[in-house]
Structure formats: structure tokens, C-alpha cells
2 protein chains.
Amino acid sequence: MSIKSFHPPQRILMGPGPSDVSPRVLEAMSRPTLGHLDPVFVAMMDEMKTLLKYAFKTDNELTMPVSAPGSAGMETCFVNLVEPGDKVIVCQNGVFGGRMKENVERCGGTAVMVQDDWGRAVDPQKLEDALKAHPDAKIVAFVHAETSTGAQSDAKTLVEIAHKHGCLAIVDAVTSLGGTPLKVDEWKIDAIYSGTQKCLSSTPGLSPVSFSAAALDKVKNRKTKVQSWFMDLNLVMAYWGGSTKRAYHHTAPINALYGLHESLVILQEEGIENSWARHQRNHLALRAGLEAMGLSFVVPEADRLPQLNAISIPDGVDEAAVRSLLLSDYSLEIGAGLGAMAGKVWRIGLMGHASNPRNIRTCLAALDDVLGRMNAPIQRGVAVAAANKKLAG
Amino acid sequence: MSIKSFHPPQRILMGPGPSDVSPRVLEAMSRPTLGHLDPVFVAMMDEMKTLLKYAFKTDNELTMPVSAPGSAGMETCFVNLVEPGDKVIVCQNGVFGGRMKENVERCGGTAVMVQDDWGRAVDPQKLEDALKAHPDAKIVAFVHAETSTGAQSDAKTLVEIAHKHGCLAIVDAVTSLGGTPLKVDEWKIDAIYSGTQKCLSSTPGLSPVSFSAAALDKVKNRKTKVQSWFMDLNLVMAYWGGSTKRAYHHTAPINALYGLHESLVILQEEGIENSWARHQRNHLALRAGLEAMGLSFVVPEADRLPQLNAISIPDGVDEAAVRSLLLSDYSLEIGAGLGAMAGKVWRIGLMGHASNPRNIRTCLAALDDVLGRMNAPIQRGVAVAAANKKLAG
């Protein structure tokens, strides 16, 4: 056996995440490792919490990164808030609503599913109806920005309905945080989780979460122990909680946290509202190019996420072959469909650091070339100009 | 709010982990991020599995890093192998045996505790007696290298006893992997977990694990679903399993995996037996210096881990003040006591990249200075010479 050091190629990451990571973030990851209880590191943890509160627009004291990817952030919310026997209304309009159901059931809860079409927003009326039919429900859970389809839902309204019926609201913001308006306190969200590898443009592996006082109250007053030791907020709080004294729970992923810290500093420098506006502006430019080419969006305009563009695959085109050519000839990654949408769509991300005019132009030019070579039914030679016109305002 | 980029100081990490990280590993973390299904990344995953099999000395097909720290590796073993109602014998001789008990109980199992003194190896006879008293036990769990005390147990013998009584064996190798002999296949260990931030000298945040065919058989034939979606090996195997086709489960921590890959390449270059020998050689040199100074080990010689040296605190010395001075004046981190040993011991790690003569000399000189300034009852000016004599052979 003789395995050498691994030297990855430089990609352009325009799939559903990970997105392009800023060189500043990559460099931060390589800074000297500190101990997880080093006073200098502990001071950085306080900055991290402040930066995450800024990104989430919240004053929630328990706002921190879970030391594992977004799926573990999701599980952290469910294992802490769902007790055996609890009824949870789960609104599903894509893959990740299904994962929420799995979480509820593995916590011993009952999931009442409210189904919406994939690629559409969650229908508030259906949630209202479900809550009327299930007055004993304790929690409502939904995905703000469905990474599998590129649809966004009206989180503010859905949380209002949940609260009206005495439920706590758990919100998946994996793909929305940093890319599209998200206001945890104003919208009164009780528990929220996100990922680092989408619009924050850090590397994958951490999951920012935030919990309201009402949610924490429920966690602290559970009848049963949280089934996960690693994710039990009652224990994690000793390390990440409000006290200035930080006690060991698990060893934090120090260098990954450096990267997240740097990505949040970049977000703060840009200003979060400016970041939202940039994602929207670049989405419109990409859209102009794609539509000029004759490609069409899966999600109706009103429900569309700016940072994740799900596009129907033109008739007769081998979608996997297109992605392979984009990767080999342009070092450009776009995403395949997931779940029920596998084989039917491409997912083109414009997230965080990757949401920029250069990437839009490269992606459109590459699609023009590759689809043209495959004789796909598209309009050639027009996409980049259409995007440029939009970018010029 | 205006938070700046975070620039940590350069420490010498001689606590219980994280240990000093090689510049090669830090540089690897900053390489360009790839998608988690990129063919180039998938090829790297195969190398990672090969390298981990080498480190664990196993041919187990399911040998991979869990995408979260060692505590999550522990939980991965327990949630997959323990079903509600299962009886598990847990041998405890430090903090981490207690964490195993928490895990068993949160899985709905019954933990039968076999207690040994902290700072001593697990007594095989006590395990034998417990298994005779509990013929319905299904699993035996113990810690190979107790990070809280610096004691190592005879894993081979304990696993033999477990098997003789028809039990699977779960082994905590967080601090042993790479630093002291560990032979998963030869010792017939069924499930094992480790960490990246100890003798592998990568950054914290991942947990290498390995499962025997017998363990996987149990996982695949469970009566109940694994309570954790994130850690369910039946799902994780779609991404990390034997097939060459890798399907999305969660988004892997790409750049952290680059770091681990590099640290395993370094281990392979050195040769694992050479790494074990280096840890032992450096331990003896540190020991010579500490004993010349008049400091004493907590763990009897036969049970001592070479990579983690637990030292009694001299009478009348403010142990926290000593650690503070080492940090401020030498940028040197050593560990405090944990659990029942808090305030009673220091834990001096010589792990992975940190296990080298320069660190030994720096640590001894720094202790000589700081303890001297605090008028501790030590012999001054002799420690480094004693270590040098040992290092010279």
C-alpha cells in the first residue's frame, strides 16, 4: 500500500451544496489548532454566537453550531423537542420533509403528514386544516427552503398558524440561511437548523441552530431523557450555553469552526440584507440566461428560491451525461435531482460565495456548449448575453 | 458589531487532545472543496477506507469516519448495536465508561456496571464474573485507553471473555488508535470507535469506526429501527459501504476528511508499528524527566498508556494556576483532571505529531520553571537532562 497526499481539482460548485468556499475560509481552516477549552478559543466561541445571532436575526441565547452536518442539526431539534407519544405535524413538499418524518418516528412521536406537491410552497391552509383535525398536536415542522426542489415556503405565516394552535415550530433553514430573508425572532421561530455549506459558503460539517426560550423550556422540562447523548441540549449547553464558564461535553471541531467564523465575518462585512439582495439579483440574471436558452423552471415564480434553481431536463437529453461533461470539460458541478425528482431536473445553485456574475456566465456558456454538442433542443448563443443584460440592470 | 477574522496563537498541545496537528494536515484542510458525490472525492473515500483499515489493522469492509467527533462515534456503536431491552456489561474505570452507560440507557438497554478503580486497567476476572452472573447479556463494552486517567486495558483478553459468553464487544479506542498496539482483527473486536485529534494528530471533528461482519449482521437484523437517523449504519452504508456506487445520505465534512486523509498518509509513511514504538520511547523520556523532578504517575507502570501521562499534583500547588502560566508563558497546553480526578492530576499528552523530543524538553523545562516559581516541592534543574539521557538511549 502506498497512498499519496490527496490534491483535489479546483471545481466551480453550483450544485445544491457544498457551494464554492471563499479562499479566506479555506485559509482560516488551516490556522493552528487550539484546545477546545483554551481561553482564546472560548472567546472565539462567544464571537461565533454573536455572528450566528446576526445571521439568524435572533437574540436567542442558545444559538450555536452543532458539531456535525445539517442532518444532525435536524436531529438535534427533533430529539430534544419530541417526546415519545408526541404528535407532530410535518409539512412535506420535498425530500427533507420526509427526513423530518423519520426523525419524529425514531423519537417515538407520531408524524401527521401534510403533503404538498414537490416544487411548490407549503400550503398554509392545509396546515391550518391539519391542526384543526389534530388539536393534540404539539409541534409543527416544515422546510423553509426545500433543497430538493428549490421551493421556498412562507415561514412567517406557517409559524403563526402553529402558534395559534399552541404548537412549537421547527424550521429547516439549511438552504435559506444567508441567501434569502429569514428572521427568526420577528417570525417567532422556536427551533431552527441550517448548514454551513450552502449560502454561508463554509465547508460542510457543521449545523448552526437556534432555540427560543419556549423551546428551551420544553427541553429543560422533558419527562424523558433526550435519546441522544451527543445531541442532548441539556448537556451541550454546558459548553455552548449562556454561562461564561465552558465545561467539556465533546471535543469541538476546532478548525471547522475557524472556517465558519470566517464565513460569518464575511457575511457581516457584506451585510445580510445585501447578501439576500445579491442572491436575488444573480438569480434573475441566471434565470434570464436559462430562459433565453429555452430551459424552464420547475418551481412557479412566486415560490422560487433565488439560490437554488431547479430546471426541467430538455426532452431526449441524458442528464447524467451532461453533468459529467460539465465536470470534465468545465470543472463545473451542478446537481442532479433527488428523490422523486431524480432524473427529471438539474439543480443549479447560486449560493454564498458561488453567487456571482462570473459563475453565471461560466455556467450558461458551459450549458450552451454541452447541450449544443448533445443536440438538445435549445436556443444557442444567446444565454450569456441575456444574463449580461440583466446584470447590467 | 464588528468582529474581525480570528487568528489563533500557535500552541504546543500536550493535553488529552487535540494534539499538535502537522502543518501538512492543516494545509490539506485548506485545499479546494469538492462535492460529496464528485467522482474524484469518491475515489478519495476508497483511499480513506484503505488507510483506516491499515490504522485499525482490520479487513472490515465497514471501516470509515463518522462525520462528527468521537462522542458521536461512541453513540454510533451503541445506537446500532443495542436494542431496547438488551443487557450490556459496561466495564468502567474512568469518565468514558460512564458515558457508555448513558448511551446504553438512552438506547433502552440495561447497563450492568463492572467498576474498577480509576487509573487502573479493567480487571478481566470481574468481567468474567459479571458475565457468569448475567448470562443474558448481549454486549460487553469497555475503554481500551481511558483518556480521563491514562490507563490501558488488555483489550484482547476482554474481547475473548466477551466472545466466550456469546457477547459482542464494543471498544473505545479514542486515545489508543495510532499510539499504542491495537489489532482489531487479531483481537476480534466487533465494533470500535476512535477520534482524529489524539494519536492521529488530525483536527477534532471526525470519529473513525470499524464493524465486524458479526456486528453488521446484528445491525441489519434489528427488530427495531436505529433511533438515530444520522447514525443509522443501514443508511450510512449507502454512502460509505462496500459498493462502488455512493448514494447521498448526509453531506460529508469534505475538508475535514482531507485533513484526516493526510494524517493517515503520514501514519502510513512512518509505519504504524514505528508510530507505536515512537510513542513508547518518548513516553519513557518524559517519564524520566518527570520522575527526576519528583513528580509521580497516577497509573501503575503495567497499566500505563504511553501517550497520556496522568501526574499527581504536588502538595500545595494551585494546579489551575500552573496550567495558566504554562499557557501564557510557554503557549503550552497540558490537561486538567476530568470527573473524579478533577483537581488531582494533570494529564500530559504525547500524542501523534506532538510526541517528539522537542516537546518533551519544552514541557519539562516549562514545568521546572513554573513549578519552581510557585515554590512547589520539586527537584529543579534535572528534568531535561534526565529526559535527554533516556532519549540518547
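A:His250 is buried, with 25 other C-beta atoms within 10 Å (buried means 20 or more other C-beta atoms within 10 Å of a residue's own, exposed means 12 or fewer, partly exposed lies in between, and C-beta atoms are placed from the backbone). This is a predicted model: local features need pLDDT of at least 70, side-chain atom pairs count only at pLDDT 80 or more, and totals for chains, interfaces and linings use all residues. Residues are numbered from 1 along each chain as its sequence is written, while chains are lettered from A and ligands numbered from 1 in the order in which they are written.

**Around A:His250**

- You'll find A:His250 in the loop between α8 (233–240) and α9 of chain A; helices (H or I, at least four residues) and strands (E, at least two) are DSSP runs, numbered from the N terminus.
- Leaving out residues up to four places away in sequence, A:His250 touches A:Ser67 and A:Phe230, plus B:Pro69 and B:Ser71 from the other chain; contact here means C-beta atoms, placed from the backbone, within 7 Å.
- A:Phe230 sits 20 residues from A:His250 in sequence, and their C-alpha atoms are 7.7 Å apart.

**Where the chains meet**

- On each side 67 residues take part: 67 of chain A are in contact with 67 of chain B.
- Elements giving two or more residues to chain A's side are α1 (23–29), α2 (39–56), α3 (70–81), α4 (95–106) and α9 (254–270) of chain A.
- The top contributor is α9(A), with eight residues.
- Sorted by class, that side of chain A has 29 nonpolar, 25 polar and 13 charged residues (Ala, Val, Leu, Ile, Met, Phe, Trp, Tyr, Cys and Pro count as nonpolar, Asp, Glu, Lys and Arg as charged, and the others, Gly among them, as polar).
- The copies meet through the same surface, because 100% of chain A's interface residues are also interface residues in chain B.

**Helix α9(A)**

- Its 17 residues reach 25 Å from first C-alpha to last, close to the expected 24 Å (1.5 Å times one less than the number of residues).
- Most of α9(A) is covered, with 14 of its 17 residues buried.

**Strand β13(A)**

- All five of the five residues of β13 (345–349) of chain A are buried, so the rest of the structure largely encloses this strand.
- One face holds A:Val345, A:Arg347 and A:Gly349, and the other A:Trp346 and A:Ile348.
- Strand β11 (308–312) of chain A pairs antiparallel with β13(A) over five bridges (pairing takes at least two DSSP bridges), and A:Leu308 has A:Gly349 as its bridge partner.
- Strand β12 (332–336) of chain A also runs antiparallel to β13(A), over two bridges, and here A:Ala336 stands opposite A:Trp346.

**A sheet in chain B**

- Seven strands of chain B form an open sheet with mixed pairing, in the order β2-β10-β9-β8-β5-β3-β4.
- Its edge strands, β2 (62–66) and β4 (110–115) of chain B, each pair on one side only.
- Between β9 (191–193) and β10 (207–211) of chain B there are three bridges, and the two strands run antiparallel.
- Within that pair, B:Ile192 stands opposite B:Ser210.

Note on methods:
Two residues are in contact if their C-beta atoms, placed from the backbone, lie within 7 Å.
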